[in-house]
Amino acid sequence: MSGNDINLFYYHSSLNFKTMASVSTYLNFSRNTEEAFNFYKSVFGGEFFGDGIMRYGDIPPMDGAPPMAEEDKNLVMHVELRILGSHTLMGTDAPESMGFKLNFGNNTYINLQPDTKAETKQLFDKLAEGGTVTMELQDMFWGDYFGSCTDKFGVQWMFNCNEKQPS
């Protein structure tokens, strides 16, 4: 079991309520999850779920586990933020000192489907700030308003809005 699997197991086994089936996006960062999620919170609004940010230093000592490095104790073990509708964005720090090997690739996008072109443009502009626009928002041949960007943390976002009237 990897360190991330242990984090998720510990987190979910500590919950005292039943949850409904859902799908969420889980993001791993090397050591800047808190910065990234504060940025996402500024874009989408809302509050972090539960007691907020859970830290590695909150994990009780486990038999047979090596002691945690002091510089890792304040890192994010788990954070979650509802972003659109019922979609939840979750994240953790994945430092190499804990055995993680993090590779951001081009195989994952978070697809947002806002209700209006105005909301689409607002979210796109905020997420693209400091990042890279890979395709400007535009009306597409399939009839939707579409665009994509990579944010300043290397996370790729797609936007697809099917509002037909001008915003």
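The structure is a predicted model, in which local features need pLDDT of at least 70 and side-chain atom pairs count only at pLDDT 80 or more, while totals for chains, interfaces and linings use all residues. Residues are numbered from 1 along each chain as its sequence is written, and side-chain values use heavy atoms, with hydrogens and water left out.

The chain contains three helices and eight strands; helices (H or I, at least four residues) and strands (E, at least two) are DSSP runs, numbered from the N terminus. Along the sequence these elements follow the pattern α-β-α-β-β-β-β-α-β-β-β. Of the 167 residues in the chain, 39% are buried, where buried means under 20% relative accessible area, exposed over 50%, and partly exposed in between (1.4 Å probe, protein chains only). Contacts are counted for heavy atoms within 4.5 Å. Among the contacts in the chain with a separation of 6 or more, 60% come from residues 24 or more positions apart.

Thr33, Ala36, Phe37, Phe39, Tyr40, Val43 and Phe44 are the buried residues of α2. Seen down the axis of α2, these buried residues fall within an arc of 155°, so they line one face of the helix; the arc is that of the directions from the helix axis to the C-beta atoms. The partners against which the buried residues of α2 pack are β1 (24–29), β3 (76–84), β4 (87–93), β5 (109–112), α3 (117–128) and β8 (156–161). After α2 comes Gly45, with a positive phi near 80°.

Helix α3 also has 12 residues, and it reaches 16 Å from its first C-alpha to its last, close to the 16 Å expected at 1.5 Å a residue. Its buried residues are Lys117, Thr120, Leu123, Phe124, Leu127 and Ala128. Viewed down the axis of α3, they fall within an arc of 130°, so they line one face of the helix. The cover over these buried residues includes α2, β3, β5, β6 (132–139), β7 (145–150) and β8. Gly130, whose phi is positive and near 80°, follows α3.

The largest nonpolar core has 30 residues, and Tyr40, Phe44, Leu112, Leu127, Trp157 and Phe159 have the most contacts inside it. Such a core is a set of buried Ala, Val, Leu, Ile, Met, Phe, Trp, Tyr and Cys residues joined through side-chain atoms within 4.5 Å. At least two residues of this core come from each of β1, α2, β3, β5, α3, β7 and β8, and α2 gives the most, with six residues. Apart from this core lies another, of six residues, among them Ile59, Leu75, Met77 and Phe100. Leaving aside residues up to four places away in sequence, Trp157 touches a list of residues that includes Tyr40, Phe44, Leu112 and Leu127.

Across the whole structure, 10 aromatic pairs are found. Rings of Phe, Tyr and Trp (its six-membered ring) pair if their centres lie within 6.5 Å; planes under 30 degrees apart count as stacked, over 60 as edge-to-face and the rest as tilted. The rings of Phe29 and Phe153 have centres 6.1 Å apart and planes at 85°, so this pair is edge-to-face. Because Phe29 lies in strand β1 and Phe153 in the loop between β7 and β8, the pair ties together parts that are 124 residues apart in sequence. Both Phe29 and Phe153 are buried. For Tyr40 and Trp157, the ring centres are 5.6 Å apart and the planes at 65°, so this pair is edge-to-face. Here too distant parts of the chain are linked, with Tyr40 in helix α2 and Trp157 in strand β8, 117 residues apart.

Notes: The expected span of a helix is 1.5 Å times one less than its number of residues.
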